[in-house]
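Work through the exercises below with the structure open beside you. Try each task before reading its solution.

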Amino acid sequence: MKINILGCYAATPRSFTNPTSQVLEILNNHFLIDCGEGTQVQLRRNKIKFSKIKHIFISHLHGDHFYGLVGLVSTFRLLNRETELHIYGPKGIKEIITLQLKLANSWTNFPLIFHELTSKEPELILENSTVTVTTIPLKHRVYTNGFLFKEKEGDRKLLIDKAETYNIDFSLFKSLKKGKDVMSEDGKLIPNHLVTADPPPPKSYAYCSDTVFDPEIVPLIKKATVLYHESTFLEDKADLAQPTKHSTAKQAATIAKLAEVEKLILGHYSTRYADIELFRIEASTIFPDIILADDGKEIIVE
Ligand SMILES: [Zn+2]
Ligand SMILES: [Zn+2]
């Protein structure tokens, strides 16, 4: 699993910072999560092929999370894209994007498929052979969802030398990987566990931006491999976090601790702070395994 941070700062883009966007690579799926202004430039800078992106997830309709979307869709059109593009986001996103394309007389030639979200309960919005994606309803100033990306459990690991020792024909290897017991060539029943090992545990990525401190999300993200949680402020501005419905680094760490996740990525920093290291220092008092998001950072999770 790999996370490419394209942008991770709140509010206005600056010459050296970008608003929120990231690419999650999970079992050969490439998911674009949020699409702040300048995302297509950041995709190019980070050498991520446009054609790999088939699904875009937009958390909410604040500009720092989707103002790059129409530009990206428009560039896909100029590049003669033919493959489908699925966009998941709050109700209204279809109207906003299609109005701009319509008035520019720039309809896409490729299928543009919107999945508008309205539910306040978690819902499964994508499932394929390797992963599922479920919404994480968040509390922010407008309708907002985080997203939980989960690997499905893979096939069992075949122990070839054991399979040979037990005299199993290779045509049965597929059944072994699926967990079935098989017959050896000399007619003995071979229990599956003798010739296979457990697959690696499935990984998961919980993306939560933007949100006020809300322990109600904890059961939804329990034991996630990696949690990205916004930390717009430090505790010195906790009085601003509540009315603007954002979180502090300490609050993000508290959610990580309650949810017993393995790692916490912090981001969505207010541009008022000159040194993002302060976020790590504050969060580390609550939760040990902190990664600071930064534009252009590649986070590999083994
Ligand atoms: Zn934001
Ligand atoms: Zn917001």
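This is a predicted model: local features need pLDDT of at least 70, side-chain atom pairs count only at pLDDT 80 or more; totals for chains, interfaces and linings use all residues.

**Exercise 1: An annotated site**

Task: Find where UniProt places the feature "binding site". Then look for contacts among those residues.

Solution. 
- Step 1. The unreviewed UniProt entry puts this feature at Asp64, His65, Asp210 and His268.
- Step 2. These residues are spread over 205 residues of sequence, yet they cluster in space, with a largest C-alpha distance of 10.4 Å.
- Step 3. Leave aside neighbours within four places in sequence. Aspartate 64 then has contacts that include Asp210 and His268.
- Step 4. Treat histidine 65 likewise, leaving aside neighbours within four places in sequence: among its contacts are Asp210 and His268.

**Exercise 2: A zinc ion**

Task: Name the protein donors of the zinc ion (ligand 2). Then classify their arrangement.

Solution. 
- Step 1. The donors are His60 (NE2), His62 (ND1), His140 (NE2) and Asp210 (OD), lying 2.2 to 2.4 Å from the ion.
- Step 2. Their spacing in sequence is H-x1-H-x77-H-x69-D. Histidine 62 sits in the loop between β4 (55–57) and α2, and histidine 140 in the loop between β8 (131–138) and β9 (144–151), 78 residues apart.
- Step 3. Check the angles. Four donors count as tetrahedral if all angles lie between 85 and 135 degrees. Here the angles run from 91 to 172°, so the arrangement is irregular.
- Step 4. Aspartate 210 bridges the zinc ion (ligand 2) and the zinc ion (ligand 1), which lie 3.5 Å apart.
- Step 5. Histidine 62 and histidine 140 are both buried.

**Exercise 3: A sheet**

Task: Give the strand order of the open sheet of 7 strands. Which strands are at its edges?

Solution. 
- Step 1. The order is β7-β8-β9-β14-β15-β16-β17, and the pairing is mixed.
- Step 2. The edges are β7 (124–127) and β17 (290–292), because each pairs on one side only.
- Step 3. Zoom in on one pair. Strands β14 (residues 204–208) and β15 (residues 226–230) run parallel over 4 bridges. Cysteine 208 stands opposite histidine 229 in β15.
- Step 4. Helix α10 (residues 277–284) lies across β16 (263–267) and β17, at about 165° to β17.

Conventions: Residues are numbered from 1 along each chain as its sequence is written. Chains are lettered from A and ligands numbered from 1 in the order in which they are written. Side-chain values use heavy atoms; hydrogens and water are left out. UniProt positions are given in the numbering used here, feature names are shortened, and annotations may be inferred rather than shown by experiment. Contact means heavy atoms within 4.5 Å. Two strands pair if DSSP finds at least two bridges between them. Helices (H or I, at least four residues) and strands (E, at least two) are DSSP runs, numbered from the N terminus. Axes are lines fitted to C-alpha atoms, for helices over the stretch in contact, and angles run from 0 to 180 degrees between N-to-C directions. Donors are N, O and S atoms within 2.8 Å of the metal (3.2 Å for Na, K and Ca); water is not among the atoms, so sites may look incomplete. Four donors count as tetrahedral if all angles lie between 85 and 135 degrees; four count as square planar and six as octahedral if opposite donors are over 155 degrees apart and all others between 65 and 115; anything else is irregular. Buried means under 20% relative accessible area, exposed over 50%, partly exposed in between (1.4 Å probe, protein chains only).
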